[in-house]
Amino acid sequence: MNGTTMDDVRLPGTLRVGLSRGWLEIRSFSREWESVIFTFALPALILSMFALIFDGLFDLGMPAVDYYLPGLFAMGLMSVSFQTLGAGIATERDQGGLRRLRGTPMPPAAYFLGKTLLVFFLALGQAVLLLGVSALVFGASLPDNASDWFTVAWVLVLGTVACSLLGIAVSSLARTAQAASTIVVVPFLALQFTSGVFVPVTVLPDGVLAVASLFPLLWMAQGMRAALYPDAMAAFEPSGAWDLHLVALALGAWCVVGLVLVLLTFRWKTRKDG
């Protein structure tokens, strides 16, 4: 015998396991080609319909593709983070997958790192497709300076992290996988109509706007408008300015609040398992 014991065996670190877990999550997701197509193409598909139907129909002050692009960009990011994780983790919990993972030597942080890599893979893929379709097919005006692209980048990162954490926290509210769909989809759908995605924020009642401002989507859409709209369009914001400092503050605050909610509420087992 060489005298080696289990205590002498060094297990892979959290980062290495998390990266492997992320690659596994991406491969598993990619096997379901229907989900891949729907997830990546949904914002681009909606934008295409709006560009074809609404262009010239209303006085939007710009082509319809330019007008709806920022809001649909933000909507897509929340979809691949909040909706994907909220429903997906609830399903894994209901099917016993999380309980089995918790019984392995895998560090809990590696599981969340894997989910983070999956979300950013989806977010970047969706963003490339949406921007590519809008510019190449419909001639949308994209930023022509580094400052605006930097705004797109940090809004994407902060917004995706905030919505991911919120989705993980919300997943714990669902008792079953079936219930998760309602718990996740209904508030997400409501926020789309109150956060400047489909309806201009200037026509929303003050009370509705105040409630929407408590959630990340409104600020994500505002940040994307600041990057993708002409500067003159800031006059149509509720405050008459882009207020990017408030966008960063709100999304950063949601990252902190979301992390606290995850730490307080996340469960590896269903309630019926105790």
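**Close-ups of the salt bridges**

**View 1. Lys115 reaches Glu25.** The side chains of Lys115 and Glu25 come together in a salt bridge, with N to O at 3.3 Å. This one ties distant parts of the chain together: Lys115 sits in helix 5 (residues 108-136) and Glu25 in helix 1, 90 residues apart. Neither end is out in the open, as Lys115 and Glu25 are both buried. Keep in mind for this view and the others that the model is predicted.

**View 2. Glu25 also pairs with Arg21.** Stay on Glu25 and look for Arg21, its partner in another salt bridge, where the closest N and O atoms are 3.3 Å apart. Here the pairing stays inside helix 1 (residues 14-31): Glu25 and Arg21 are four residues apart, about one turn of the helix.

View 3. Glu25 takes part through its bridges to Arg21 and to Lys115.

**View 4. Arg225 meets Glu237.** Now for another pair: Arg225 and Glu237 form a salt bridge whose closest N and O atoms are 2.8 Å apart. Arg225 belongs to helix 9 (residues 216-228), while Glu237 is in the loop between helix 9 and helix 10 (244-265). The two are twelve residues apart, and the pair links distant parts of the chain. Both Arg225 and Glu237 are buried. For the overall tally, the structure holds four salt bridges.

Conventions
Residues are numbered from 1 along each chain as its sequence is written. This is a predicted model: local features need pLDDT of at least 70, side-chain atom pairs count only at pLDDT 80 or more; totals for chains, interfaces and linings use all residues. Side-chain values use heavy atoms; hydrogens and water are left out. Buried means under 20% relative accessible area, exposed over 50%, partly exposed in between (1.4 Å probe, protein chains only).
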